[in-house]
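Reader: I'm new to this one. Can you put it up and talk me through it?

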Amino acid sequence: MKRRPKVKAMSDYLGAQKAIALDYDSNLEVVTQQKQKLALASSGSVTLNRPDKIRATRTGGFANVEMVFDGKKLTLLGKNANVFARADAAGTIDHLVDELRDKYQRPVPAADLLMASPYDELMPLVVDAKDLGSGVIRGIECDHLAFRTKEVDWQIWIAQGQRPYPCRYVITSSEVTGSPQYTIDVRTWKTGAEVPPDAFSLEIPAGARELKPGDIPDFDELPAIFAAKGAN
């Protein structure tokens, strides 16, 4: 049973990194109200300094969003709509992810991989696991693993070698009609001294409208026509 140890090795490696910077491409497949499956592509970046600083961006056809957390306050800017929101969220990156998910119902896609112990976030609900051998993502040979929970199926491709970082992560919502799927591909991966310094501050454009903390925009907002069929 080598599947869980491989995820544990990745988790230990990720949790030990004090500074991480990555660029990613993402693909969100949804079912329209007309039962057509479409894929929405976007790209972005993440820079974090543990335990309590993170910057994340996402740019796609319908949203251009930037999020910054400095250990005390979260600021999220929706550039297309020229709106922003600030919320007090003092604590660690783990605390921020929990706050966004539980208090504001704004889960950040793949955020479990950024937390101090991804293994503890990902594995407790797993009911089935498969080792699918090797796969190659952007020229990097990876271990390809697949897991199931009662609500989602997920796959992960973990780079082989001394830097077992996640090269691809796929989440499929098996309980939602049409099984919408989210894929994130890591294009670049830097740690430690490779990571450029970041002030973790966000300049708000002149004329931007401030929202209440409870109205924080969704980091993966979708136009109404793309709402996943069967989702609330």
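Reader: Which side chain does D143 meet in a salt bridge?
Author: D143 meets the side chain of K6, at 3.7 Å from N to O. A salt bridge here is a side-chain nitrogen of Lys or Arg within 4 Å of a carboxyl oxygen of Asp or Glu. This is a predicted model, where local features need pLDDT of at least 70 and side-chain atom pairs count only at pLDDT 80 or more, while totals for chains, interfaces and linings use all residues. Residues are numbered from 1 along each chain as its sequence is written, and side-chain values use heavy atoms, with hydrogens and water left out.

Reader: Where do those two sit in the chain?
Author: D143 is in strand β8 (residues 140-148) and K6 is in helix α1 (residues 3-16), 137 residues apart. Helices (H or I, at least four residues) and strands (E, at least two) are DSSP runs, numbered from the N terminus.

Reader: Is D143 buried or exposed?
Author: Buried, with a relative accessible area of 17%. K6 is partly exposed, at 22%. Buried means under 20% relative accessible area, exposed means over 50%, and partly exposed lies in between (1.4 Å probe, protein chains only).

Reader: How many salt bridges are there in the whole structure?
Author: A search finds 16. One of them joins E66 and R55, at 2.5 Å from N to O. E66 belongs to strand β4 (residues 64-69) and R55 to strand β3 (residues 53-60), eleven residues apart. Both E66 and R55 are buried.

Reader: Which residues are linked with R55 and E66 in a network?
Author: K79 and D198; salt bridges link the four.

Reader: What about D98, which residue does that form a salt bridge with?
Author: With R101, the closest N and O atoms being 2.8 Å apart. D98 is partly exposed at 31% relative accessibility, and R101 is partly exposed at 30%.

Reader: Changing topic. What order do the strands of the open sheet have?
Author: The twelve strands run β7-β8-β9-β10-β11-β1-β2-β3-β4-β5-β6-β12, with mixed pairing. Two strands pair if DSSP finds at least two bridges between them.

Reader: Which strands stand at the edges?
Author: β7 (128-137) and β12 (209-211). Each has a single partner strand, so one side of each is left without a neighbour in the sheet.

Reader: And β10, in which sense does that pair with β11, parallel or antiparallel?
Author: Antiparallel, over five bridges between β10 (residues 166-173) and β11 (residues 181-191). In that pair, R168 stands opposite D185 in β11.
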